[in-house]
Amino acid sequence: MTATVAPPTAPVHPVSRAAGRILKARETGILIALIAVIVVATIRNPAFLFSSDGFRDLLLTPSLLLLVAVGQAVVIITRNVDLSVGSILGLTAYLTGRLFIDLQGIPPILVFVAGVALGAFLGLVNGALVAFAKVPALVITLGTLYIYRGINVAWAGGDRINASDLPADFRGLGTGQILGIPILTIIAAIVLVAAAWYLRNLRSGRELYAIGSDPAAAHLYGLRVTSRVLGAFLVSGALSGLAGVLYAARYGTVSSAAGTGWELQAIGAAVIGGVAISGGVGTVWGAAIGAYLLLTINRALPILGIEDFWQRAVVGVLIIGAIVLDRLLALRQSRKLLEAREDDR
Amino acid sequence: MFTHDRKRRLGVSITALAVGAALALTGCSAGGGGDAGSSDGASDANLAITFLPKNLGNPYFDTSNAGGEEAIKEFGGTYAEVGPAEASPTSQVTFIQTAAQQGVGGLVVSANDPEAICDALNEARDAGVKVVTFDSDTNPDCRDLFINQATAEGIAKSQVDLIAEQIGDAGQVAILSASANATNQNAWIELMKTDLADNHPNIELVETVYGDDDDQTSFDKTAALLQTYPDLKGIISPTTVGISAAARYLSTSEYKGKVALTGLGTPNQMREYVKDGTVTAFALWNPADLGYLAAYATKALIEGDITGKEGDTFDAGKLGEYEVGADSVVLLGDPYVFNADNIDDFDF
């Protein structure tokens with residue numbers, strides 16, 4: 001938190017300006033990487049960007065992960081983590097299918113409300129356990145990851161939702177476009193802008209950073225740590241719920257394994273995008289770009305002729321690279337700040 | 001377990017009622033037959049046959065057992081269906097024991113585990129029950145016959161034939177498989193490669209990708225395939241998850257109708273895409289025929305026409321004559337091809 005707030009009075013010191021620029025580079029760097037991937041893949045195969053399917057998939061594929069990653073970033077900023085997002089997504093995706101099957105003719109908007117509400121409720125359970133029981137979020141949400149998935153498996157059994165179970169206009173949401181922009185991408189962008197604005201401009205949003213920087217200090221300062229953490233988990237759950245409904249619309253088939261492994265992708269996206277896993281640092285913009293980079297690389301590697309088996313390794317290298325970079329930047333910045341203090345004396 | 005599918009729940013409870021009634025009936029008739037020597041039946045063979053699927057409420061087994069029921073009606077036996085709610089290894093044991101105590105003539109089982117139900121099956125066989133496995137086998141020494149739905153060769157050949165027919169026997173094709181270490185998938189893929197090389201020289205297999213039997217991964221791999229190979233003519237996906245994900249992608253892409261897709265799928269998953277023209281035809285065995293054949297095989301065993309040794313032949317009603325192969329296995333035949341004309345006859 002301290003780093004993002006420039007001292008308002010004193011004339012801007014050249015060193016702190018440089019530090020500010022480096023800080024900005026956290027998101028810029030990852031954005032450049034994303035653009036590089038797109039450019040290289042497009043040179044190799046113009047269809048990657050310039051065919052109508054290619055352009056659509058470029059925007060569409062990461063949109064669902066973007067929603068989950070934004071929620072995850074909000075939680076990580078408070079120095080917590082939500083491992084249950086994949087299970088929440090799976091459960092709401094299955095609920096979506098069941099609602100359409102069991103209540104024929106239900107308006108899709110009600111299904112959206114139900115999905116988001118279920119997600120928010122499951123997130124609230126996480127938040128309550130973390131905030132009141134004072135158990136590390138890693139443990140709590142690992143538990144709920146299995147519990148929510150277990151509920152899903154018990155509910156679905158060997159059954160699956162098939163595309164023919166879902167109304168055509170609902171499935172259209174998953175691939176439809178407005179002015180060439182996929183509807184899912186528009187939804188994700190709206191959520192992203194809202195979350196970014198909230199975290200940057202509202203007092204309660206800034207408090208999330210304060211809590212993540214130093215929970216004890218935030219508590220002593222009188223911030224409502226419990227309710228803020230609760231809120232962060234609720235947002236993460238609700239966004240996973242929304243992503244679950246949209247998952248059903250996009251993929252059409254929902255089995256009890258839907259969303260498995262998404263929690264790690266979401267955390268990966270946030271971390272690659274410069275959200276520090278130790279809390280208090282990062283933006284949802286970074287997480288969003290991280291989500292795009294992660295999935296775009298996945299799509300680009302086969303085009304570049306890299307074998308299936310290596311693709312996961314590349315993602316791993318990316319995550320470790322992001323963390324190392326993060327650490328180097330932090331060290332360099334603290335050294336510069338120290339130097340600046342020495343100079344001032 | 002929460003609200004579940006109401007329709008299906010209702011269906012299951014009706015089935016359960018019917019099964020209960022049927023059980024009571026078989027119990028009576030078996031007891032009566034045993035005591036009095038004979039009722040007014042034509043033969044003294046005990047044609048009470050019980051189907052024991054992996055679990056109840058599974059559309060696949062609903063279809064296969066309906067085929068069995070049809071066969072049993074044809075030859076005048078008594079049909080019953082029992083089964084556990086969950087497909088766990090030991091859950092079938094009590095049902096096997098109950099059936100043996102009731103003195104049914106034959107038991108048709110799809111095994112949840114090749115080992116776990118062996119003892120129970122052998123006890124039933126000692127009590128005079130003929131045991132036939134279908135769909136999923138036990139160890140060969142625990143049953144009299146296994147009705148095999150398809151061989152690896154049959155599966156591989158049917159898919160190569162389908163894709164060759166759909167793309168005019170020339171051009172690039174790719175395979176979308178499950179996971180890279182799925183034994184059955186890899187066996188099929190090897191056989192497909194051989195078949196393509198030997199019999200379809202103009203078809204080039206450009207790549208095999210792995211969707212990990214995950215909808216999302218399979219979906220994205222399909223997208224990558226289509227972009228990577230602009231001249232791709234067809235995709236073979238020998239996994240039910242893969243083919244439906246690929247169909248879903250194709251159905252909303254610019255390649256719809258231009259790139260052929262076939263593989264192994266279930267009608268419920270594929271109905272949408274067959275109707276909208278994304279997919280022309282795909283294969284799977286017909287579970288109804290599988291149950292039908294199993295019922296006739298059981299009848300042949302009960303009546304003593306066959307003993308399960310290699311070379312035995314028996315009549316299977318509308319399906320014709322079948323011969324027992326090595327290891328007491330009867331092969332249903334080539335996979336069944338589903339297309340727009342017949343897909344509405346199936347619900348599984």
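This is a predicted model: local features need pLDDT of at least 70, side-chain atom pairs count only at pLDDT 80 or more; totals for chains, interfaces and linings use all residues.
**Helix 4 against helix 9, chain A**

I looked up which residues of helix 4 of chain A meet helix 9 of chain A, taking contact as C-beta atoms, placed from the backbone, within 7 Å, and helices as DSSP runs of H or I with at least four residues, numbered from the N terminus. Ser63(A), Leu64(A), Leu66(A), Leu67(A), Val70(A) and Val74(A) in helix 4 meet Leu184(A), Thr185(A), Ala188(A), Val191(A), Leu192(A) and Ala195(A) in helix 9.

Residues are numbered from 1 along each chain as its sequence is written, and chains are lettered from A and ligands numbered from 1 in the order in which they are written.

For the geometry, I read an angle of about 15° and axes 8 Å apart for helix 4 (residues 63-77) and helix 9 (residues 183-201) of chain A. That makes the two helices roughly parallel, a term for angles under 35 degrees.

**Chain B and its side towards chain A**

I then checked the interface, where 27 residues of chain B are in contact with 29 residues of chain A. Helix 7 of chain B gives the most to the side of chain B that touches chain A, with 8 residues. That side has 9 nonpolar, 9 polar and 9 charged residues.

How values were computed: Two residues are in contact if their C-beta atoms, placed from the backbone, lie within 7 Å. Ala, Val, Leu, Ile, Met, Phe, Trp, Tyr, Cys and Pro count as nonpolar, Asp, Glu, Lys and Arg as charged, and the others, Gly among them, as polar. Axes are lines fitted to C-alpha atoms, for helices over the stretch in contact, and angles run from 0 to 180 degrees between N-to-C directions. Angles under 35 degrees count as roughly parallel, over 145 as roughly antiparallel, 65 to 115 as roughly perpendicular and the rest as oblique.
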